[in-house]
Amino acid sequence: MNTEKSREILQILQHDSRTTAESIASMIGESVQDVKAGIERLENDGIIKHYSTTVDWEKAGVDKIVAFVDITVVPAREVGFDAIAMRIARHPEVRSAWLVSGGCDLSIMVEAATLKDLANFVAEKIATIDGVSGTNTQFLLRKYKEDNVLFHELEPDNRLVVSP
Amino acid sequence: MSVADNAKDPDLKGLSKTAAQLPQSGIRKFFEIASQMQNVISLGVGEPDFATPWTAREAAIYSIEKGQTTYTSNLGLIELRRELAKLIRRRYAVEYNPDGEILITTGVAQGLDLAARALLDIGDEVLIPEPCFVSYKPCVSLAGGVPVAVETNSSSNFQVATRALDDLVTPRTKAILIGHPSNPTGAVFEKETLMKIVDFACRHGLYIISDEIYDRLTYDGTHTMVAALPRAFERTITLNGFSKTYAMTGWRIGYACAPPEILNTMMKIHSYTMLSAPTPGQKAALDAVRRAEKDALAMAQEYRRRRNIIVNGCNSIGLDCALPGGSFYAFPSIRSSGLSSEQFAERLLYEEQVAVVPGGVFGLGGEGHVRMSYATDGELIKKALERMKRFVDNLSSSDVGMTAKAAR
Ligand SMILES: Cc1ncc(COP(=O)(O)O)c(C=O)c1O
């Protein structure tokens with residue numbers, strides 16, 4: 001399968017990871033077998049990392065505390081930011097971790113069940129790492145969009161049912 | 001109001017005969033039934049299921065906030081005309097002067113009306129390959145012209161045969177009106193077909209009205225712009241718009257391109273009957289050409305995927321369907337059902353709540369087909385196909401289906 005078709009598979013799965021190999025095959029004009037093999041290769045090569053679901057937890061009645069923590073770091077010789085970044089990223093509370101430009105060095109997204117858990121995590125596990133010189137925690141108040149999905153705007157189909 | 005006021009004045013004269021003779025759109029009836037029903041999956045919709053790219057919507061909001069709510073020049077916003085000239089030069093290597101060869105219209109619908117009125121005198125004939133978009137014939141009739149249908153068929157992939165044109169041309173023939181990629185068949189005219197049409201037009205001194213509103217929804221290969229073909233420019237009115245490419249149906253913005261004399265005549269009519277196309281729509285359109293290219297490509301790609309699903313689906317349930325090269329319609333044959341296209345569509349709607357449009361309403365060559373729009377969410381298309389499979393299976397096992405077949 002050529003690169004273009006592989007990329008198209010990636011696009012389709014990123015949009016909806018439940019799209020079946022049968023559907024994808026039909027969409028891009030390849031055999032089901034080839035699509036299955038292609039997806040397996042993308043998984044094995046670590047290009048497809050993981051399949052997950054975008055959930056509106058608030059609607060599900062589950063309270064979660066989410067915060068974005070900006071971290072400034074004193075980079076270490078030879079390993080730069082990577083060693084500290086990985087040390088932080090390995091915690092299951094950390095949903096995402098990025099090296100960024102601007103006022104801070106690392107930016108992480110942390111999730112916890114309660115405010116206290118989250119505050120403790122940042123204070124005890126992040127701020128205390130050697131090389132972390134500062135943290136700035138911002139709590140998430142409301143989600144408008146995640147993974148390309150708008151959370152609060154239902155867009156009904158207003159079109160006439162039959163039209164020229 | 002008293003009863004007496006309500007009584008009809010016997011001396012009151014009748015409405016326009018031309019208008020009275022226009023047929024009711026065959027689509028209307030299905031709209032009436034389908035809109036009364038619950039749980040309908042509609043494959044009968046002739047417009048994108050996407051909302052207009054946000055960048056364009058936002059640009060219109062901004063322009064309204066700034067109070068840009070006046071008329072524009074009759075020709076339309078000069079910035080928009082310049083962008084379109086650039087776009088056409090880039091895509092098709094055709095030069096249209098934004099100052100006198102491009103007119104912003106209130107949709108291609110108005111472009112068709114203007115083209116017909118600019119070209120036709122009473123009794124002038126216009127050749128129209130069918131099946132075709134439902135507005136073509138009425139636009140010609142309302143301009144005083146006489147539409148002359150040229151039948152095309154699925155057996156020849158809905159290409160126009162020069163022989164058919166030669167048979168129908170008369171000294172009164174003034175123009176040929178084509179739409180490609182096609183609503184309803186999805187057919188793309190091959191370059192050779194278009195060259196033959198141009199050659200035919202040249203031989204008889206005819207104009208060509210070319211509705212290319214689906215040019216950007218061409219899935220295999222590239223679209224051929226008629227005006228780009230040798231000898232075509234001076235006789236061709238190109239109509240295009242924002243409705244399909246940028247999912248902007250409700251904004252009512254299109255454009256016409258033609259040599260100065262034709263365009264100026266269209267503009268004159270436009271200046272009396274429309275003044276200018278809606279200003280917020282023009283602002284949105286301007287932003288769309290400048291910034292929504294990526295959105296346009298993404299939508300086209302999504303249609304292409306759905307096209308493959310719908311065509312494979314139709315073929316697998318026994319409805320022969322060629323792969324349409326463009327637009328967002330599949331036009332499968334329903335002859336195996338033994339029903340007329342209208343019976344098929346009506347029963348499918350009542351029995352399985354799937355709305356499609358019977359091919360007969362699009363003119364000659366349409367009977368025996370239904371139009372299925374894939375401007376519909378992929379999951380819904382799959383569900384509709386499941387329902388259609390059940391419908392087709394029931395037909396072939398039921399007596400009614402068999403008798404209908406035997407009767408043929
Ligand atoms: C072939 C064709 N031409 C013209 C139109 C009308 O387009 P507009 O919205 O630009 O008036 C349509 C819309 O369905 C169409 O399918």
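Colleague: What is the order of the strands in the open sheet of chain B?
Modeller: In this predicted model, chain B has an open sheet of seven strands, in the order β2-β8-β7-β6-β5-β3-β4, and the pairing is mixed.

Colleague: Which are the edge strands?
Modeller: They are β2 (102-105) and β4 (146-151) of chain B, each of which pairs on one side only. From one strand to the next, the twist averages 20°.

Colleague: In which sense do β6 and β7 of chain B pair?
Modeller: Strand β6 (residues 207-211) and strand β7 (residues 236-241) of chain B pair in the parallel sense, over four bridges.

Colleague: And which residue does I208(B) stand opposite in β7(B)?
Modeller: I208(B) stands opposite T236(B).

Colleague: Which strands does helix α9 of chain B lie across?
Modeller: Helix α9 (residues 191-204) lies across β3, β5 and β6 of chain B. The helix runs at about 165° to β5(B).

Colleague: How many residues line the largest cavity, and which lie nearest its centre?
Modeller: The lining has 16 residues, and those nearest the centre are P129(B), P131(B), G179(B), S182(B) and F189(B).

Colleague: Which element gives the most?
Modeller: β5(B) does, with three residues.

Colleague: How do the lining residues divide into nonpolar, polar and charged?
Modeller: The lining of the largest cavity has 10 nonpolar residues, five polar and one charged.

Note on methods:
Residues are numbered from 1 along each chain as its sequence is written. Chains are lettered from A and ligands numbered from 1 in the order in which they are written. This is a predicted model: local features need pLDDT of at least 70, side-chain atom pairs count only at pLDDT 80 or more; totals for chains, interfaces and linings use all residues. Side-chain values use heavy atoms; hydrogens and water are left out. On a 1 Å grid over the protein atoms alone, a cavity is a set of points where a 1.4 Å probe fits but cannot get out, and a pocket is an open set with protein on both sides within 12 Å along at least five of seven lines; lining residues have an atom within 4 Å of a point. Helices (H or I, at least four residues) and strands (E, at least two) are DSSP runs, numbered from the N terminus. Ala, Val, Leu, Ile, Met, Phe, Trp, Tyr, Cys and Pro count as nonpolar, Asp, Glu, Lys and Arg as charged, and the others, Gly among them, as polar. Two strands pair if DSSP finds at least two bridges between them. Axes are lines fitted to C-alpha atoms, for helices over the stretch in contact, and angles run from 0 to 180 degrees between N-to-C directions. Contact means heavy atoms within 4.5 Å.
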